[in-house]
Amino acid sequence: MRTRPACRTTWTVAVAAALAAGLLVSAPGTGRAAGTSHAASPSHTAGTSHIATPSHIAESPDPALASEPGSPKTVSAGWSIPWGLSWLPDGSALLTERDTFKVYTLTQDGTKRQIGEVPNVVTTGGEGGLLSVAVSPSWKSDHYVYVMHTAADGNRIARMTFDGSALSDYKVLVDGIKKNTYHNGGRIKFGPDGYLYATTGDAQSPDLAQDKTSLNGKILRMTPDGTPAPGNPFNSLVYSYGHRNPQGITWDAEGRLWEGELGNSKYDELNLIEPGKNYGWPTCEGGCSTTGMTDPKRQWPVAEASPSAVAYADGAIYMAALRGERLWRIPVAGTSAGTPKAYYTNRYGRLRTVESVPGTKSLWLTTTNADNNGDGEAGSDKVFQIDLV
C-alpha cells in the first residue's frame with residue numbers, strides 16, 4: 001500500500017462472480033514525484049481502457065486475446081487479510097494472514113487447516129505484519145518454506161520447515177530491511193532460475209530507493225540460503241532499484257520478470273524488470289524523460305489500481321488492485337504490454353493476491369477487505385477461483 005496524501009484517504013481491492021468492467025480514462029503524460037494527485041474520472045461499463053502510457057514510448061499492437069477470466073467461484077471464506085499464497089506440490093496452497101501471523105493450508109476443494117504461526121512477527125499499525133510465503137522448489141526433499149515479515153527491528157526474510165503437518169525451525173536469512181507504517185513491500189517468489197526474489201518498499205524514506213547500498217526500494221535476488229545470487233549486478237542482494245512500494249512479481253512464459261508497483265499520488269506502474277536498472281522513484285512517478293530512468297510498460301492513475309500481486313497466465317499479466325477494486329488483465333508479447341482491461345470493478349472490494357493455479361487455466365484471487373483501508377470485519381475475506389475461458 002501507500003502512505004496517503006490528504007487527497008488519498010482510502011483504498012480497495014476485489015474479485016467476483018460476474019464479469020463487470022469499469023475503467024477510468026487518462027491522458028498520456030509524464031508523472032513526477034512532486035506532482036498533485038490525479039482526480040478520479042467517472043467509471044465506464046466498457047471493458048477496455050486507454051490507460052496512460054508514457055508519451056515517448058511507442059505502443060505495439062495488442063497480442064491476440066487468448067482467454068479471459070470467467071465468473072469467480074468462492075473456494076473458501078472466513079479469512080482475515082490473506083496476504084501471501086504459494087503452491088505445494090500436491091496442488092494445495094499455503095496462505096498467510098497478515099495480522100494474525102497464522103499460516104494455513106487450503107486444498108482445491110476448500111479444506112482449510114492451520115499449520116502454525118510465524119514467530120517474531122509484529123504489526124506496524126498499517127501495512128506490516130506477516131506478508132508473503134514461498135514454498136521451496138525442492139520442498140519434497142528439503143521441506144523448506146520461506147516467509148517475509150515485519151519484526152521489531154525491521155522487515156526480514158526467514159526460512160521454516162514444513163513437514164506436511166506443522167511449521168518449525170525458524171531461521172532468519174535476511175534482515176536489515178527498514179520498516180515503517182507503510183511501504184514495506186513484502187512479496188517473495190522463486191524465479192524460473194531457482195533463486196528467491198523479494199520486493200522491498202522504501203519504508204517512507206524515498207531516497208533509500210536510489211541508494212544501491214540500501215535494501216529498501218529494491219527487488220532482491222538471493223540463493224535459498226539468503227546470500228546474493230550469482231550474476232547480481234552490484235555484487236549484493238540488489239537486483240533492481242528505484243522502487244517505491246512494489247508488491248507484485250511474476251514471470252511470463254519466456255522467463256521475463258514483471259513487477260507491479262504502488263505509486264504515490266499520480267501513477268501506479270507495471271514494469272518489465274531487468275538486472276541493474278533504475279526504475280525512477282523518487283525522481284519519477286510513471287514515465288519520465290530523465291536520463292538513466294527506466295519507464296514502466298503501463299501506468300494507471302492511482303484510483304484505478306493501487307496494485308498488490310501480479311500473476312502471469314495464458315498470455316497475460318493479471319494485476320490485483322486494492323483501491324481500484326478490480327482485476328486487470330494486460331496482454332503481453334515479448335517485451336510489450338498491450339491494452340489493459342478491467343474485470344469485477346467494485347464487485348468484491350480490495351483485491352490483494354492473485355496466483356495462477358499450476359497445471360490449469362485458472363487463477364486464485366484473495367480479498368483483503370478486513371485490512372485497515374477496507375470496510376470488512378475480521379473473517380470477511382475470501383479466496384476465489386477464476387477459470388480462464
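These legends walk through several close-up views of the predicted model shown above. Residues are numbered from 1 along each chain as its sequence is written, and side-chain values use heavy atoms, leaving out hydrogens and water. Because the model is predicted, local features need pLDDT of at least 70 and side-chain atom pairs count only at pLDDT 80 or more, while totals for chains, interfaces and linings use all residues.

**View 1. The largest pocket and the strands that line it.** Here a pocket is an open set of points on a 1 Å grid over the protein atoms alone, with protein on both sides within 12 Å along at least five of seven lines; lining residues have an atom within 4 Å of a point. The largest pocket holds about 750 Å³ of space, a volume being the space filled by probe spheres set on points that are joined across faces, edges and corners. Its lining has 34 residues, and Ser86, Trp87, Phe190, Glu355 and Pro358 are the closest to the centre. Strands (E) are DSSP runs of at least two residues, numbered from the N terminus. At least two lining residues come from each of E2 (82-87), E6 (130-135), E10 (188-190), E14 (245-251), E18 (307-313) and E23 (351-356). E6 gives the most, with four residues. Sorted by class, the lining has 19 nonpolar, 10 polar and five charged residues (nonpolar: Ala, Val, Leu, Ile, Met, Phe, Trp, Tyr, Cys and Pro; charged: Asp, Glu, Lys and Arg; polar: the others, Gly among them).

**View 2. The largest cavity and its lining.** A cavity is a set of grid points where a 1.4 Å probe fits but cannot get out. One cavity of 30 Å³ or more is counted, and the largest has a volume of about 60 Å³. Strands E15 (257-262) and E16 (267-273) are the elements that give two or more residues to its lining. Among the lining residues are Arg244, Glu261, Tyr267, Trp281 and Cys284. The lining has five nonpolar, three polar and four charged residues.

**View 3. Strand E24 within an open sheet.** Four strands in the order E1-E25-E24-E23 make up this sheet, with antiparallel pairing; two strands pair if DSSP finds at least two bridges between them. E1 (73-79) and E23 are the edge strands, each pairing on one side only. Six of the six residues of E24 (362-367) are buried, so this strand is largely enclosed by the rest of the structure (buried: under 20% relative accessible area, with a 1.4 Å probe and protein chains only). In a regular strand the side chains alternate between the two faces of the sheet. From E24, Ser362, Trp364 and Thr366 point one way and Leu363, Leu365 and Thr367 the other.

**View 4. The bridge partners of E24.** E23 and E24 pair over five bridges, and they form a hairpin with five residues between them. In the turn, Gly359 has a positive phi of about 75°. Leu351 has Thr367 as its bridge partner, and Glu355 has Trp364. Five bridges also join E24 to E25 (381-387), where Gln385 is the partner of Trp364.

**View 5. Aromatic pairs.** Rings of Phe, Tyr and Trp (its six-membered ring) pair if their centres lie within 6.5 Å; planes under 30 degrees apart count as stacked, over 60 as edge-to-face and the rest as tilted. There are 12 such pairs. The rings of Tyr197 and Tyr239 have centres 5.6 Å apart and planes at 85°, so the pair is edge-to-face. Both residues, Tyr197 and Tyr239, are buried. Tyr343 and Tyr344 form a tilted pair, 6.1 Å centre to centre with 50° between the planes. Ring pairs link Tyr343, Tyr344, Tyr348 and Phe384 into a cluster.

Technical notes
Buried means under 20% relative accessible area, exposed over 50%, partly exposed in between (1.4 Å probe, protein chains only).
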